[in-house]
Amino acid sequence: TLCGALDETARRFPDKEAIVFRDRRISFRRLHENVRRLAKSFLKAGVKKGDKVGIMMTNHPEWVYARDAAIKVGAWWVPINTRYKTSELQQILTLAQVNALVLMESSMGIHFVDLLMLYART
């Protein structure tokens, strides 16, 4: 599995670079730790096997953490386009039956929390 591969790679090559993003260099050890920590947080928040975790982020290492943590707890990950408007967001959250949502604050002038507040009012 993807998580099994991460576990094994972090064990065998802990200090090798897993992700290079702008000026950030993240080792397999750090990637593994961050995924494990986020998976524990998902479990504490009530995310369980079979749930759907929406990920509304641009390409950042945190997107990988969210995806891998969802997989680690047995949840499905649902990528959500960061360019969606309220009606599109409502449709994907409803159709995919998203149980939890991981998002960044904003990107390219779109404030995702504000977008969710509009969604909550509909």
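Is tryptophan 77 buried, partly exposed or exposed, and what is its relative accessibility? The legends below take this up. This is a predicted model, in which local features need pLDDT of at least 70 and side-chain atom pairs count only at pLDDT 80 or more, while totals for chains, interfaces and linings use all residues. Residues are numbered from 1 along each chain as its sequence is written, and side-chain values use heavy atoms, without hydrogens and water.

View 1. Tryptophan 77 has 33% relative accessibility and so counts as partly exposed, whereas tryptophan 63, at 16%, is buried (buried is under 20% relative accessible area, exposed over 50%, partly exposed in between, with a 1.4 Å probe and protein chains only). Their ring centres lie 5.4 Å apart with planes at 85 degrees, so the pair is edge-to-face (centres within 6.5 Å, using the six-membered ring of Trp; planes over 60 degrees apart).

**View 2. Helix H1 packs against helix H3.** The axes of H1 (residues 2-12) and H3 (residues 61-72) are 9 Å apart, at an angle of about 110 degrees (lines fitted to C-alpha atoms over the stretch in contact; angles run from 0 to 180 degrees between N-to-C directions). The helices are therefore roughly perpendicular (65 to 115 degrees). Leu2, Cys3, Leu6 and Asp7 in H1 meet Arg67, Asp68, Ile71 and Lys72 in H3 (heavy atoms within 4.5 Å).

**View 3. Valine 47 and its neighbours.** Leaving out residues up to four places away in sequence, valine 47 touches Phe42, Val53, Val73, Ala75 and Ala100.

How values were computed. Helix = DSSP H or I, 4+ residues; strand = E, 2+ residues; numbered from the N terminus. Parallel < 35°, antiparallel > 145°, perpendicular 65-115°, else oblique. Phe/Tyr/Trp six-rings, centres within 6.5 Å; stacked < 30°, edge-to-face > 60°.
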